[in-house]
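Me: I'd like to go through the labels on this one and see what each of them rests on. Can you take me through them?

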Amino acid sequence: MLQQTTVVAVVPYFERFLARFPTVRDLAESNESDVLRLWEGLGYYSRARNLRKAAEVVVREYGGEFPADVETLQKLPGIGRYTAGAIASFAFNLRAPIVEANTLRLDCRLLGFDGDPRSKAGQQVLWSFAEAVLPKTQPGRFNQALMELGATVCSPKNPNCEQCPVQAHCRAFADGTQASIPQPATRPAITEVVEASIAVHQRGKYLLRRCPTGERWAGLWDFVRFPLDEIAVTKQPSVAKAASRESHHHERIALLARDRSGLSITLGDLIAELKHSVTRYRITLKCFTATAVSGELLSTAEWLWVSPQDFDDYPLSVTGRKLAKLLAIRAAK
Ligand code: SF4
């Protein structure tokens, strides 16, 4: 839950999650939709899906007891080397090293390591170091202390070296190279995209599509959504041409919606334009209402017709939730 977010933001999610799934058995017996609904808004949904799958394995293969060694832990869905080390050391107090964002930065500085910490060679250096410094007693507390030190003292910018308890052992401090260590990760270029989300309406209900495996937001529900780059809004040369281009756009969008859903629609209003980012994509999402006219839903996807008052029962994508709220407000008027 804590990936790419803060403890403060996570606490209410964590509490709701534990209240609903107090034991590993409760989680193993849950359905994916319930888990995703409680995870909604945290992002990184594969973690929620994997957590549930891991609970199933723990119950089925280990009688509901979490395995306590790093190797077996890494066989569970979604558990890599770092998470396995964290579970083994925090929960079972085993001498298992960890390297994650905060300790990676701290360890690079302590070692004065100015190579690429994400390369194979860099990872080898860091994992060996993390293992070598582990104490015989309380390795779990030690690992947590390193993470905390990295997060609160050895921060990415302006580390607080004056107050740092390990200053005397820090190579980067001695060399004055804290600002350039660790080597920054190369960030992928941002791509701007335009997409459409169509709230297709029929007899008071709206059409939702379940995002299949392999798609962004797999397992969550969303309105009929597709890329719109090629018909992104352009500058209009005159009022007459603007009107004709507008109607052309509407027809194109209706055709794309039919390709996506199987239904012919009459496109309604543009009710919102939402901006959001997913990995390297900066997305402008144009949200329209529409009325279903004819056709049959494609059998290649899961579909549901849902009343605005029932949107809360389903896990939705972030933008799907925003659009659902707008539709619920419109329906209540
Ligand atoms: S002395 Fe400064 S750079 Fe070195 S570990 Fe401490 S905070 Fe980080």
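**What the labels rest on**

Me: Why is Y44 called partly exposed?

Reply: Y44 has a relative accessible area of 39%. Buried means under 20% and exposed means over 50%, so Y44 falls in between and counts as partly exposed. Keep in mind that this is a predicted model.

Me: Where is Y44, and what is its phi?

Reply: Y44 belongs to the loop between helix 3 and helix 4. Its phi is positive, about 50°, although Y44 is not a glycine. Most residues other than glycine have a negative phi.

Me: What about N158: why is that one called exposed?

Reply: N158 comes out at 72% relative accessible area. The cut-off for exposed is over 50%, so N158 is exposed. It's in the loop between helix 9 (139–152) and helix 10, and its phi is positive too, near 45°.

Me: And why is E40 called buried?

Reply: E40 has a relative accessible area of 12%. Buried means under 20%, so E40 gets that label. E40 is in the loop between helix 3 (32–39) and helix 4 (45–62).

Me: What makes the bond between I181 and P182 cis?

Reply: Omega there is about 0°. Most peptide bonds are trans. P182 is in the loop between helix 10 (171–175) and strand 1 (191–202).

Me: Which residues are around the ligand, and where does the ligand sit?

Reply: The ligand sits in the largest cavity. Around it are L106, R109, C154, P159, C161, C164, Q167, C170, F173 and Q178. By class, that shell has seven nonpolar, two polar and one charged residues. Cys and Pro count as nonpolar and Arg as charged, so C154 and P159 go with the nonpolar residues and R109 is the charged one.

Technical notes. Residues are numbered from 1 along each chain as its sequence is written. This is a predicted model: local features need pLDDT of at least 70, side-chain atom pairs count only at pLDDT 80 or more; totals for chains, interfaces and linings use all residues. Side-chain values use heavy atoms; hydrogens and water are left out. A residue is near a molecule or strand if one of its heavy atoms lies within 4 Å of it. On a 1 Å grid over the protein atoms alone, a cavity is a set of points where a 1.4 Å probe fits but cannot get out, and a pocket is an open set with protein on both sides within 12 Å along at least five of seven lines; lining residues have an atom within 4 Å of a point. A molecule sits in a cavity or pocket if more than half of its atoms lie within 2 Å of its grid points. Helices (H or I, at least four residues) and strands (E, at least two) are DSSP runs, numbered from the N terminus. Buried means under 20% relative accessible area, exposed over 50%, partly exposed in between (1.4 Å probe, protein chains only).
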